[in-house]
Amino acid sequence: MNWFECKVIYEKPVENTAATKKVPELYLVDAISFTEAEARIIEEMTPFITGSFEVSDIKRAKYSELFFCEEETADRWFKSKVYFVILDEKTGKEKKAPNNFLVQAANLKDAVKKLEDGLKNTMMDYVISSIAETAIMDVYPYKVKSEKPEFQDALEQK
(Lines give C-alpha, C1' and ligand atoms only; values in the text may rest on other atoms or scores of the structure.)
Protein backbone atom coordinates (compact mmCIF):
# COMPACT_ATOMS: atom_id res chain seq x y z
CA MET A 1 0.00 0.00 0.00
CA ASN A 2 1.09 3.54 -0.75
CA TRP A 3 -0.13 6.04 1.80
CA PHE A 4 -0.29 9.76 1.15
CA GLU A 5 -0.95 12.51 3.68
CA CYS A 6 -3.27 15.09 2.14
CA LYS A 7 -3.76 18.52 3.69
CA VAL A 8 -7.21 19.93 2.92
CA ILE A 9 -8.08 23.59 3.61
CA TYR A 10 -11.69 24.72 3.77
CA GLU A 11 -13.88 27.51 5.17
CA LYS A 12 -15.47 26.54 8.49
CA PRO A 13 -18.24 28.59 10.13
CA VAL A 14 -17.26 30.19 13.44
CA GLU A 15 -19.78 29.26 16.16
CA ASN A 16 -22.36 31.91 17.08
CA THR A 17 -21.20 34.28 14.31
CA ALA A 18 -21.69 34.76 10.59
CA ALA A 19 -17.93 34.62 10.07
CA THR A 20 -15.86 31.78 8.67
CA LYS A 21 -12.23 30.81 9.10
CA LYS A 22 -9.87 28.73 6.99
CA VAL A 23 -9.16 25.37 8.61
CA PRO A 24 -6.42 22.94 7.54
CA GLU A 25 -7.04 19.23 8.18
CA LEU A 26 -4.86 16.22 7.47
CA TYR A 27 -6.14 12.98 5.91
CA LEU A 28 -4.44 9.74 4.89
CA VAL A 29 -5.28 8.18 1.51
CA ASP A 30 -4.22 4.89 -0.06
CA ALA A 31 -3.30 5.59 -3.70
CA ILE A 32 -0.85 4.62 -6.43
CA SER A 33 0.37 8.14 -7.22
CA PHE A 34 0.16 11.76 -6.09
CA THR A 35 -2.40 12.41 -8.84
CA GLU A 36 -4.61 9.55 -7.69
CA ALA A 37 -4.24 10.66 -4.05
CA GLU A 38 -5.49 14.14 -4.96
CA ALA A 39 -8.44 12.72 -6.92
CA ARG A 40 -9.33 10.32 -4.09
CA ILE A 41 -9.26 12.95 -1.34
CA ILE A 42 -11.40 15.31 -3.43
CA GLU A 43 -13.89 12.47 -4.00
CA GLU A 44 -13.93 11.54 -0.31
CA MET A 45 -14.22 15.10 1.02
CA THR A 46 -16.79 16.55 -1.42
CA PRO A 47 -19.86 15.10 0.36
CA PHE A 48 -18.71 16.45 3.76
CA ILE A 49 -17.64 20.01 2.96
CA THR A 50 -20.09 22.69 1.86
CA GLY A 51 -18.46 25.34 -0.24
CA SER A 52 -15.02 25.22 -1.75
CA PHE A 53 -11.91 23.54 -0.45
CA GLU A 54 -8.41 22.96 -1.71
CA VAL A 55 -5.83 20.24 -1.38
CA SER A 56 -2.84 22.33 -0.34
CA ASP A 57 -0.23 19.59 0.19
CA ILE A 58 0.30 15.91 -0.54
CA LYS A 59 3.25 13.88 0.70
CA ARG A 60 4.15 10.22 0.99
CA ALA A 61 3.66 8.62 4.38
CA LYS A 62 5.69 5.53 5.23
CA TYR A 63 3.66 3.16 7.36
CA SER A 64 4.41 -0.56 7.55
CA GLU A 65 0.87 -1.26 8.70
CA LEU A 66 -2.28 0.43 9.96
CA PHE A 67 -4.31 -0.88 12.87
CA PHE A 68 -7.96 0.13 12.42
CA CYS A 69 -10.52 0.06 15.21
CA GLU A 70 -14.32 0.03 14.92
CA GLU A 71 -14.96 1.37 18.44
CA GLU A 72 -16.78 4.73 18.46
CA THR A 73 -14.41 6.18 21.04
CA ALA A 74 -11.35 5.37 18.89
CA ASP A 75 -11.41 8.68 17.03
CA ARG A 76 -7.69 9.52 17.03
CA TRP A 77 -4.68 8.28 15.09
CA PHE A 78 -1.33 7.56 16.72
CA LYS A 79 1.98 7.15 14.91
CA SER A 80 4.22 4.58 16.54
CA LYS A 81 7.82 3.74 15.84
CA VAL A 82 8.69 0.12 16.51
CA TYR A 83 12.11 -1.46 16.17
CA PHE A 84 12.17 -5.14 15.27
CA VAL A 85 15.23 -6.91 16.64
CA ILE A 86 16.86 -8.95 13.88
CA LEU A 87 20.05 -10.97 13.76
CA ASP A 88 22.64 -9.98 11.16
CA GLU A 89 23.61 -13.33 9.60
CA LYS A 90 27.12 -12.16 8.60
CA THR A 91 28.21 -10.65 11.90
CA GLY A 92 25.92 -12.51 14.30
CA LYS A 93 25.03 -9.21 15.96
CA GLU A 94 21.56 -7.94 16.75
CA LYS A 95 20.27 -5.05 14.64
CA LYS A 96 17.16 -2.95 15.06
CA ALA A 97 14.97 -2.42 11.99
CA PRO A 98 12.65 0.61 12.30
CA ASN A 99 8.98 0.42 11.28
CA ASN A 100 6.22 3.00 11.53
CA PHE A 101 2.69 1.96 12.39
CA LEU A 102 -0.52 3.98 12.54
CA VAL A 103 -2.97 3.01 15.28
CA GLN A 104 -6.57 4.13 15.63
CA ALA A 105 -7.41 4.50 19.33
CA ALA A 106 -9.23 6.57 21.95
CA ASN A 107 -6.13 7.75 23.84
CA LEU A 108 -2.43 7.05 24.34
CA LYS A 109 -2.94 4.12 26.71
CA ASP A 110 -5.46 2.57 24.29
CA ALA A 111 -3.01 3.07 21.39
CA VAL A 112 -0.27 1.17 23.23
CA LYS A 113 -2.70 -1.69 23.97
CA LYS A 114 -3.95 -1.85 20.37
CA LEU A 115 -0.40 -1.75 19.00
CA GLU A 116 0.71 -4.57 21.33
CA ASP A 117 -2.40 -6.58 20.39
CA GLY A 118 -1.60 -6.06 16.70
CA LEU A 119 2.00 -7.21 17.16
CA LYS A 120 1.33 -10.15 19.51
CA ASN A 121 1.55 -12.80 16.75
CA THR A 122 4.87 -11.46 15.52
CA MET A 123 7.70 -13.96 15.68
CA MET A 124 10.37 -11.27 16.14
CA ASP A 125 11.27 -9.41 19.27
CA TYR A 126 10.43 -5.72 19.13
CA VAL A 127 10.80 -2.51 21.06
CA ILE A 128 8.21 0.27 20.97
CA SER A 129 10.31 3.41 20.66
CA SER A 130 7.59 6.07 20.52
CA ILE A 131 3.87 6.66 20.18
CA ALA A 132 2.42 10.11 19.51
CA GLU A 133 -0.98 11.42 18.50
CA THR A 134 -1.10 12.73 14.93
CA ALA A 135 -3.18 15.48 13.34
CA ILE A 136 -4.75 12.93 10.95
CA MET A 137 -8.54 13.35 10.94
CA ASP A 138 -9.43 10.21 8.96
CA VAL A 139 -7.96 7.45 6.83
CA TYR A 140 -9.27 6.31 3.44
CA PRO A 141 -8.00 2.86 2.41
CA TYR A 142 -8.39 1.73 -1.18
CA LYS A 143 -11.77 0.12 -1.92
CA VAL A 144 -12.59 -2.02 -4.92
CA LYS A 145 -15.68 -0.42 -6.48
CA SER A 146 -16.82 -3.25 -8.73
CA GLU A 147 -15.55 -6.70 -9.50
CA LYS A 148 -17.03 -6.57 -13.01
CA PRO A 149 -15.18 -4.91 -15.88
CA GLU A 150 -16.68 -1.50 -16.82
CA PHE A 151 -17.84 -2.68 -20.25
CA GLN A 152 -19.79 -5.58 -18.68
CA ASP A 153 -22.18 -3.10 -16.96
CA ALA A 154 -22.95 -1.56 -20.36
CA LEU A 155 -23.62 -5.00 -21.90
CA GLU A 156 -26.01 -5.97 -19.09
CA GLN A 157 -28.07 -2.80 -19.60
CA LYS A 158 -28.80 -3.69 -23.27
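Predicted model: local features only at pLDDT ≥ 70, side-chain atom pairs only at ≥ 80, totals over all residues.
Local features need pLDDT of at least 70 and side-chain atom pairs count only at pLDDT 80 or more, whereas totals for chains, interfaces and linings use all residues. Residues are numbered from 1 along each chain as its sequence is written, and side-chain values use heavy atoms, with hydrogens and water left out.

Rings of Phe, Tyr and Trp (its six-membered ring) pair if their centres lie within 6.5 Å; planes under 30 degrees apart count as stacked, over 60 as edge-to-face and the rest as tilted. By this rule there are 6 aromatic pairs. One of them joins Phe4 and Phe34: the ring centres are 4.9 Å apart and the planes stand at 70°, so this pair is edge-to-face. Phe4 belongs to strand 1 (residues 3-13) and Phe34 to helix 1 (residues 34-45), so the contact ties together parts 30 residues apart in sequence. Helices (H or I, at least four residues) and strands (E, at least two) are DSSP runs, numbered from the N terminus.

Phe4 is buried, at a relative accessible area of 0%, while Phe34 is partly exposed at 39%. Buried means under 20% relative accessible area, exposed over 50%, and partly exposed in between (1.4 Å probe, protein chains only).

Phe84 and Tyr126 also form an edge-to-face pair, with 6.3 Å centre to centre and 65° between the planes. Here Phe84 sits in strand 5 (residues 76-87) and Tyr126 in strand 7 (residues 125-133), 42 residues apart. Phe84 is buried, with a relative accessible area of 9%; Tyr126 is partly exposed, at 27%. Ring pairs link Phe84 and Tyr126 with Phe67 and Phe101 into a cluster.
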